Each structure stands twice: as structure tokens, then as C-alpha cells.
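Visitor: I have a structure open and would like to go through it. Can we take it piece by piece?

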Amino acid sequence: MSPLILALTAGAVIGLALGALGGGGSVLAVPALIYLLGFTPVAASTASLVIVTATSATALSGHARDGQVRWRTGALFAAAGIGPALLGGAVAGRLPDAALTGAFAVVAAVAAIRMLRSRTKPDDARPVRSARAAAAGGGLGAVTGVLGVGGGFLAVPALVGVLGLRMREAVGTSLLVITVNSLAALVMRAGTADGLDWAVIAPFAGAAILGAWDGKRLAAKVSGPTLQRVFALVLLAVAALMLIDTAV
């Protein structure tokens, strides 16, 4: 199969996940770029930030129109994560590929297990504490900078399980966090963007943006708990595959 077809297919699937789940885009983009399109882990993490930034910003507008974005909570998350994201971006270039891949898989697995075991009902909102939002946002920014991911696969569990947002509000709010964190991480990776294959990245991003609109419509038809379970199971599957690959 040609790289263009692979890029379009992978982009559509990732956009669907990002639009429906408010995350999962980058956690799927990095493996797709590595295993399907031949990118190195460092190049894949940088390219995924470009793709996910464009896609999440597009998807955010639709969720905002529906009133599903908690702007104050998202702003706390994003502001707290900018500094750690910049620092993490500087550190990432010094880490070996195997370490990046293994860390990526472990973080994805932990986030998935947390969602599956959470006893917090996704549709029961609780008051948001600024200190908890800022602490979670700082950790999220660090992960974004080091691993080159938007952080949505951690933002959604944190917004639901730690801060008590409803699932659909967590989906919309996480897109704001993803956009800001990804842009911050890209600032530190600007020097590595020259060697990227834009003939692959551009159609990948375009298909992801279109897929995100379909994902938003899917989110309106599926219950919050179901979205949470699907999201967690996808993360576990991806994490297992990457851990197996790292061990071989």
C-alpha cells in the first residue's frame, strides 16, 4: 500500500478518535508514523505534534459551539503545562529511541487502567479545585514535551477522574489543553522540523481534520461511559503492542 493511502487512512482513524474522545489522536499517531510510514521515534513524535495541533484546534471549535468546553479549567491545565512542555521538549532529543517508545507505552497503559478502574461516574460533576487542576496540568505538559504527544489520553482521565468533569465536557476541554501543550512542545522542536516528510504529514493531517468532524457527531450519539471504556481499551491495545516491540 502506498504511503499516501496509509497516511490518509491513519489520519482519518486518528481524527475520528480525537473528535469523539477528546484524546487518543497522538497516542495512535506516533505508532502509525513509526510502524506504517517508517518514521523514527523522534521524527514521529514531532510530526504527531503538528498533526494533533491542527486536528485538535479544528475539533475544539465544534465542541465550543456546543458549550462542552470548561474554559477556566482548561486554561489552568494549559497554563500550568506550558513550562514543563518546553522543558520536556528540550530533554526529549537526548533520550534513546527505545526509552521514548517504552515510556510512551507505559504512560498509555497507566492512563487506560486508571480509566477502567475509576469509580467516578463520568456524568457526575464536582467542583473544580484550582490547585489540583494546575498540578495535573503541569504533569501533563511534561509528558507532552518528552513524548511528543498532545496529552489528551491523559487529559481526559484527569479531567474525569481527578477533577470530576462530565465525560463530554472532559472531551471538549481536553482539546483546548492538547492544542496549547502541543504548540508549546513544538516550539522546542522547531529545529527538527526541517527533516520531516511533509508529503506524508500534510495528507495525514488533512484526513485527521476531516475525521474529527465525524468523531464529534459520533460523540453525540454514544454515552459517556461507553466512550470512556472504548478509549481505555484502545490505549491498552496500543500500549501492549509497543511494549512487545520494545522488548523484542
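Guide: What follows is a short talk about a predicted model.

Visitor: How many helices and strands does the protein have?
Guide: The secondary structure comes to 10 helices and 0 strands. Read from the N terminus on, the elements run α-α-α-α-α-α-α-α-α-α.

Visitor: What share of the residues counts as buried?
Guide: Of the 248 residues in the protein, 54% count as buried.

Visitor: And what part of the contacts joins residues 24 or more positions apart?
Guide: Such pairs account for 87% of the contacts with a separation of 6 or more.

Visitor: At what angle do α4 and α8 cross?
Guide: Helix α4, residues 71-92, and helix α8, residues 167-188, cross at roughly 25°, and their axes come within 8 Å. Angles under 35 degrees count as roughly parallel, so α4 is roughly parallel to α8.

Visitor: Is that crossing left-handed or right-handed?
Guide: The crossing of α4 and α8 is right-handed.

Visitor: Which residues meet there?
Guide: On the α4 side they include Trp71, Gly74, Phe77, Gly81, Ile82 and Leu86. On the α8 side they include Thr173, Leu176, Val180, Asn181 and Met188. By class, this contact has 15 nonpolar, 5 polar and no charged residues.

Visitor: What about α3 and α8, what is the angle there?
Guide: Helix α3, residues 41-65, packs with α8 at an angle of about 145°, with the axes 8 Å apart. The crossing of α3 and α8 is left-handed.

Visitor: Which residues make that contact?
Guide: Among them are Thr46, Leu49, Val50, Ser56, Leu60 and His63 of α3. From α8 the list includes Val171, Gly172, Leu175, Ile178, Ser182 and Leu186. The contact of α3 with α8 has 13 nonpolar, 7 polar and no charged residues.

Visitor: You listed Val50. Where is Val50, and what does Val50 touch?
Guide: Val50 is in helix α3. Leaving aside neighbours within four places in sequence, Val50 is in contact with Leu186, Trp198 and Ile201. Val50 and Leu186 are 136 residues apart in sequence, yet 7.6 Å apart in space, C-alpha to C-alpha.

Visitor: Why is Val50 called partly exposed?
Guide: Its relative accessible area is 23%, and buried would mean under 20%, while exposed would mean over 50%. Val50 therefore counts as partly exposed.

Visitor: New topic. Which residues touch the most other members in the largest nonpolar core?
Guide: That core has 57 residues, and Leu33, Leu37, Phe39, Phe77 and Phe204 touch the most other members. Helix α5, residues 97-117, gives the most to this core, with 8 residues. Apart from this core lies another one of 9 residues, among them Leu18, Ala59, Val69 and Leu175.

Visitor: What does Ala232 touch?
Guide: Ala232 touches Ala112, Met115 and Leu116, not counting residues up to four places away in sequence. The C-alpha atoms of Ala232 and Pro157, 75 residues apart along the chain, are separated by 9.2 Å.

Visitor: One more. Is Ala135 buried or exposed?
Guide: Ala135 is exposed, with a relative accessible area of 55%. Ala135 is in helix α6, residues 130-147. Between the C-alpha atoms of Ala135 and Leu76, which are 59 residues apart along the chain, the separation is 9.2 Å.

Note on methods
Residues numbered from 1 in each chain as written. Predicted model: local features only at pLDDT ≥ 70, side-chain atom pairs only at ≥ 80, totals over all residues. Heavy atoms only, no water. Axes fitted to C-alpha atoms, helices over the stretch in contact; angles between N-to-C directions. Helix = DSSP H or I, 4+ residues; strand = E, 2+ residues; numbered from the N terminus. Parallel < 35°, antiparallel > 145°, perpendicular 65-115°, else oblique. Left-handed = near helix turned anticlockwise from the far one by under 90°. Contact = heavy atoms within 4.5 Å. Nonpolar A, V, L, I, M, F, W, Y, C, P; charged D, E, K, R; others polar. Core = buried A, V, L, I, M, F, W, Y, C linked by side-chain atoms within 4.5 Å. Buried < 20%, exposed > 50% of the residue type's maximum accessible area, 1.4 Å probe, protein only.
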